[in-house]
Amino acid sequence: MEDQPGNTLPTDLPVDPDEALALATRVLDEATPRFIEGLGAPGVQTKSSRTDFATELDLELERRISDALREGTGLEVHGEEYGGPPINTGTLWVVDPIDGTANYSLGIPTTGILVSLVHESQPVLGLTWLPLLGLRFTSVAGGRLRENDEIVPALPDVSIRDVALGLGSLNTGARATYPPAYRREVFEQLTLAAARTRKFGSTGVDLAFVASGRLSAAVSFGNHAWDNAAGASHIRAAGGVVTDLAGEQWSTRSQSMLAASSRAHAEVLDTVTQLGEPGNFFEAGRRRAAPEPESPRPWLEGGR
């Protein structure tokens with residue numbers, strides 16, 4: 001697994017990865033009771049659309065987790081809600097305090113906390129905590145994926161015709177990088193090709209389930225490192241393949257993600273490639289696709 005692209009531990013990390021992982025594990029374990037206690041919190045901070053919002057607990061947990069990671073390692077943090085330094089250069093923590101916020105607000109258990117340590121646009125360790133499912137996933141570049149502290153066997157080379165495939169959100173503005181018409185076509189073609197498909201409403205859940213063999217593959221149309229980086233670390237550690245939808249190696253600069261075992265990855269990539277360029281799919285009466293801007297964060301006006 002060490003020779004996979006993006007799965008080699010850098011020699012110039014400013015922190016010891018095992019110590020950093022141990023610290024992050026303690027931080028997330030300490031945050032877990034509050035996460036469970038707040039289940040069902042209403043969405044009170046609207047971001048880019050009616051389907052994109054934060055709860056007050058998002059803000060509280062991000063402050064708590066970020067402060068502990070920053071104090072414990074001296075490294076900066078970029079969070080979903082409060083932002084931070086640029087993600088694509090240097091070494092920093094990336095935090096999603098509640099992945100699957102809509103699920104969380106509705107009391108649906110497929111939601112969790114995602115943390116990764118990113119170095120020069122690649123994750124070197126990842127943590128996915130799914131407290132309502134009783135699952136914790138950890139990985140370090142060049143090492144093995146662990147689920148609840150137990151080593152997970154390497155991914156079997158399954159087909160999407162054998163094991164369910166996870167699909168990301170279809171809800172987005174018409175000017176997104178992957179417009180709704182394109183996403184619907186991907187969804188339809190993969191639904192026809194796969195044994196079955198699943199939509200869990202959480203990128204972190206999708207990727208952790210691929211890494212642990214519960215899904216054959218996952219497609220994410222999102223470009224946010226806080227959603228994707230931890231899962232990319234897990235899947236590489238499990239022996240899987242992580243690229244964008246064009247088949248290029250995934251990094252925090254990527255605009256999408258395709259994560260799978262080798263065979264399933266090839267099957268999905270072939271299906272997606274045959275559809276052509278995403279920009280050729282656009283809604284009637286709408287302009288062609290453009291990159292989706294980062295969501296506004298009105299709560300930053302009051303500081304962290």
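In the predicted model, Thr 25 is in contact with Leu 127, Trp 129, Arg 136 and Thr 138, its neighbours within four places in sequence being left aside. Thr 25 is found in helix H1, which spans residues 17-37. The relative accessible area of Thr 25 is 18%, so the residue counts as buried, the cut-off being under 20%. Two of the residues that Thr 25 touches, Leu 127 and Thr 138, stand opposite each other, with Thr 138 placed in strand E7.

The chain as a whole contains seven helices and 14 strands. Of its 304 residues, 55% are buried. Among contacts with a separation of 6 or more, 65% are between residues 24 or more positions apart. The accessible surface of the chain is about 12700 Å², and carbon and sulfur atoms contribute 49% of that area.

Seven of the strands form an open sheet with mixed pairing, in the order E3-E4-E5-E6-E7-E8-E9. Its edges are strand E3 (77-79) and strand E9 (150-151), each of which pairs on one side only. Helix H6 packs on this sheet, where it touches E3, E4, E5, E6 and E7, and the direction of H6 makes about 100° with that of E6. Helix H2 (residues 56-73) lies across E3, E4 and E5, and its direction is at about 155° to strand E4 (91-99).

Within this sheet, strand E6 (residues 122-130) is mostly covered, with nine of its nine residues buried. On one side, E6 is joined to strand E5 (residues 112-119) by seven bridges, and the two strands run antiparallel. In this pairing, Leu 114 has Thr 128 of E6 as its bridge partner, and Val 118 stands opposite Pro 123 of E6. E5 and E6 form a hairpin with two residues between them, and Glu 120 in the turn has a positive phi of about 50°. E6 also pairs with strand E7 (residues 135-140), in the antiparallel sense and over six bridges. The hairpin of E6 and E7 has four residues between the strands, and Gly 134 takes a positive phi near 70° there. In a regular strand, the side chains alternate between the two faces of the sheet.

Residues up to four places away in sequence not being counted, Thr 91 touches Leu 13, Pro 14, Leu 75, Leu 117, Val 118 and His 119. One of these contacts is with Val 118, which is 27 residues from Thr 91 along the chain; the C-alpha atoms of Thr 91 and Val 118 are separated by 5.6 Å.

Strand E10 (residues 165-167) pairs with strand E12 (residues 217-220) in the parallel sense, over three bridges. In that pairing, Leu 165 stands opposite Ala 217 of E12.

The packing of helices was examined for one pair. Two packed helices are described by the angle between their axes and the distance between the axes. The axes of helix H5 (residues 203-211) and helix H6 (residues 225-237) come within 9 Å of each other and cross at roughly 5°. H5 is therefore roughly parallel to H6, the limit for this class being an angle under 35 degrees. On the H5 side, the contact involves Thr 203, Gly 204, Leu 207, Val 210 and Ala 211, which meet Asp 227, Asn 228, Gly 231, Ala 232, His 234 and Ile 235 in H6. By class, five nonpolar, five polar and one charged residues make up this contact. H6 takes part both in this helix pair and in the packing on the seven-stranded sheet.

Note on methods. Residues are numbered from 1 along each chain as its sequence is written. This is a predicted model: local features need pLDDT of at least 70, side-chain atom pairs count only at pLDDT 80 or more; totals for chains, interfaces and linings use all residues. Side-chain values use heavy atoms; hydrogens and water are left out. Buried means under 20% relative accessible area, exposed over 50%, partly exposed in between (1.4 Å probe, protein chains only). Contact means heavy atoms within 4.5 Å. Accessible areas come from the Shrake-Rupley method with a 1.4 Å probe; for residues, only the protein chains shown count as cover. Axes are lines fitted to C-alpha atoms, for helices over the stretch in contact, and angles run from 0 to 180 degrees between N-to-C directions. Angles under 35 degrees count as roughly parallel, over 145 as roughly antiparallel, 65 to 115 as roughly perpendicular and the rest as oblique. Ala, Val, Leu, Ile, Met, Phe, Trp, Tyr, Cys and Pro count as nonpolar, Asp, Glu, Lys and Arg as charged, and the others, Gly among them, as polar. Two strands pair if DSSP finds at least two bridges between them.
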